Amino acid sequence: MASSRVITHPLSRRQLLKGGAALGIGSAAALGLRPAWANPWGQANTYAKGIEEGPEVALAIRRESLDIDGKQARPISINGTSPGPLIRLKEGQDAVLRVTNLLDEPTSIHWHGLILPPGMDGVPGVSFAGIEPGETFTYRIPIRQNGTYWYHSHSGMQEQLGHAGPLIIDAAEREPFRYDREHVLLLTDWTFEDPMSVFRNLKTAEGYYNFQERTIADFFADVREKGFAATADMRGMWAKMRMSSRDIADVTGSTYTYLLNGHSPGENWTALFKAGERIRLRVINGSAMSYFDVRIPGLKMTVVAADGQPVQPVPVDEFRIAVAETYDVLVTPEDDTAYTIFAESMDRSGYARATLAPREGMESDIPERRRIADRGMEAMGAHGMAGMDHSGMEGMDHSGMEGMDHSGMEGMDHSGMEGMDHSGMQGMDHGGGGMTKETSKTRENGMLASGEAQPGSRYGQAGIGIDPEERRVLVYRDLKAFTPWPDRREPGREMELHLTGNMERYMWSFDGKKFSEVTGPIHFEKDERLRLILVNDTMMEHPIHLHGMWMELENGQGELIPRKHTLNVKPGERVSALITADAEGSWAFHCHLLYHMDAGMFRVVKVS
Amino acid sequence: MKTNIAMSAAGAMLAILMTSPAYAEDGYDAPADWPAPMAEHNMAMGLFDRLEYAVPDKGEEALVWDFQAWYGGDVNRIYLKSEGENVQGDGEDAEFESLELLYSRLVSDFWELQGGIGYQGGVFSDDHAERTYGVVGLQGVMPYGIETNLAFQVSDEGDVSASIEGEYDLRLTQRLYLQPRTEIALAASEVEAFGVGEGLNSVRVGMRLGYEVTRRIAPYVGVYWEKRYGDTADLARHHGDPTEDSGVVAGVRMMF
């Protein structure tokens, strides 16, 4: 698709919406208990129950028996559906959202990605007391942004029970692209187990859900391919660290049924279109624990927004969506045929699937799942280099980049680079190359110029299990805003946080301390401009979410860096974001993998 | 069994667990009646690492168990551990080789330091000689994934002994595993009533092949070999017991 074409024309979605309202009534019954936003004809042509239009919205939270994948389940429902209804607001509205708790335990709703007053953010213990059983809490939110977002419970593990839903804010002004029809694609991971028991399994039995561990057969296969010495070296290193290179997802398809708009792959939810239409897919990863790789074989996708914020169009074949991220993509199916929407879990243990088709009842081939990948040296390096990170980075704070070039790189060289395989090497080379280049872009105070990629970042890589040769996959470096964000100040200071963990005990933390072990909040000075540097010392990906303020991801795009609410930090990676601390109050800051957060990877940021 | 000692030790351990740090809701002006945003969960788990029927070449058939359970958080835990057997057809009740109540603290990523009290003797019977002892140990995972338990015991009579156990899971398929296992017992002084001599007492080596029906239940079959050394071997000969034996086992590993 020619990307230039996408940007120009005005949209006429509103008219379509009105016209379609009458058509929708009949199909509501056919939908049964499914949320109506997951209607086959999409928002543009029809809607009925199940879409809550702002500015005034009432939501009732219940635990009830509903079918999931044809089996009886006990999810948490919102207005009778799980996942919940689409909440549709308009930029400029003052939304009033009344949430009534009909559970027998406290609940909450957090509006993920919204910039709002601190008391309305919906995190019990940080923004308010939570919503007690039988109580109604009224959220009053001035809506001053637009795009694709979502909402979910921030109480206990309710999110895993389906307490989540999509949230769309229609733009007050014309968006930089147009489309004929839109569909929401909400990805979730459902388990018939009690979430607390999932957590307990993770805590008490490492690798409980991993049925793709390396076996002796893999060893011999590697020996045939790479030779005995290289294989033994590599396996020796992993074994020495007491870790598994197949640890890609903590909770896998062995317990999860991956759902798309609440439907299992077998149920094949269908999104309808007419050939030649341009369709906006609003893809939301509302999973508790699962990253997905999304593609539609036969269709090029054009990424037009990330985390609700418009980006310059990027044509891709596939994109990885971290937990809690959202991406808006445009597709234009020219043929009167069915296309499979395929969302493969990052560890390849399962997939979510739907069909984009001109008529109901059609389907297309389901692609083969790829084999699980083995983590390479970049993940191991992260772990081995924990010591180096501290010394190296301290050097950086004081004496700037040059100091880091020497001490940091030397440290890296010493920390077990021998025996690295080629893929790992590339990653490191990349970081190293970047480092030399960036040195010239430091400012007088030794800090990197705004928008430059951090040394140690891998914005050019999609991550584990992706072969960039196979197809064009979105990477963070591709994301480019249309115009610079309003605050053009250089950061006044840098704050570095390490993402840390103990895999064996399933303890997760920032800077080695679980939430229960820290004594105070992270402090941002009111209205300061700062650079947050995140260093992943673990061998897992972490989607890091800051509430209340945007993070401008310094992906090397200079003035046009994108802004996000959730940053995926790959193993061993070092990323940074610029933050304008204009939101006075206390805000949650955490890893959005539910069980990582519950295991301690959570902090409070206080802006004052 | 000296129950009052056990009770007071258990009480002390509970007190330690209770005083572990609470939530850090301080520091950001949250009203006192707000809940903590993240709750810390104490957990419990039990494991029969071995629950098996052993058929030796020379000795008597026996039902053998190796059990441990813990309760607590990430760092501080209480452990209950027990190994023992019920020799079949000897007309005696089952015997605890060890029954230990331990306080355990995570001291590094992979290691727990443990200390507490133990009991050796009959299970609810006077069929066997009994003694109590204090125990200090280290439990964890060595590089290369070898699960290790190292323990020093001092009995109420002042007798010192030590044991080392190590086992490793070699994954053949996603559910089938081969588990080599070694157990070495040492003592500083002879204790005739328990058949313990000075120096190296015994070495036990085993190999089990298990199948994880679920992650929590894995039936297995296996073989083992054991040998007694030095004074311990002499004591065994004196009682007419074999000094070296081997056998087959069938059992189940169960996690709760």
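This is a predicted model: local features need pLDDT of at least 70, side-chain atom pairs count only at pLDDT 80 or more; totals for chains, interfaces and linings use all residues.

Trainee: How many residues of chain B are in contact with chain A?

Mentor: On the chain B side there are 42, in contact with 45 residues of chain A. The two chains bury about 4000 Å² between them, and carbon and sulfur atoms give 58% of that area.

Trainee: Which residues of chain B lose the most area to chain A?

Mentor: Those are Tyr28(B), Met38(B) and Arg215(B), which together make up 17% of what that side buries.

Trainee: And how many salt bridges between chain B and chain A?

Mentor: The count is 4. In one salt bridge, the side chain of Glu40(B) meets that of Lys514(A), at 2.8 Å from N to O.

Trainee: Which element gives the most to the chain B side?

Mentor: E1(B), with 3 residues. By class, that side has 26 nonpolar, 11 charged and 5 polar residues.

Trainee: Switching to the sheet in chain A. What is the strand order?

Mentor: E24-E23-E26-E31-E28-E29, an open sheet of 6 strands with mixed pairing. E24 (507–510) and E29 (563–564) of chain A are at the edges with a single partner strand each, so one side of each has no neighbour in the sheet.

Trainee: In what sense do E23 and E24 of chain A pair?

Mentor: Antiparallel, over 4 bridges. Leu499(A) has Phe510(A) in E24(A) as its bridge partner.

Terms used: Residues are numbered from 1 along each chain as its sequence is written. Chains are lettered from A and ligands numbered from 1 in the order in which they are written. Side-chain values use heavy atoms; hydrogens and water are left out. Contact means heavy atoms within 4.5 Å. Buried area is the accessible area (1.4 Å probe) that two parts lose on being put together, summed over both. Helices (H or I, at least four residues) and strands (E, at least two) are DSSP runs, numbered from the N terminus. Ala, Val, Leu, Ile, Met, Phe, Trp, Tyr, Cys and Pro count as nonpolar, Asp, Glu, Lys and Arg as charged, and the others, Gly among them, as polar. Two strands pair if DSSP finds at least two bridges between them.
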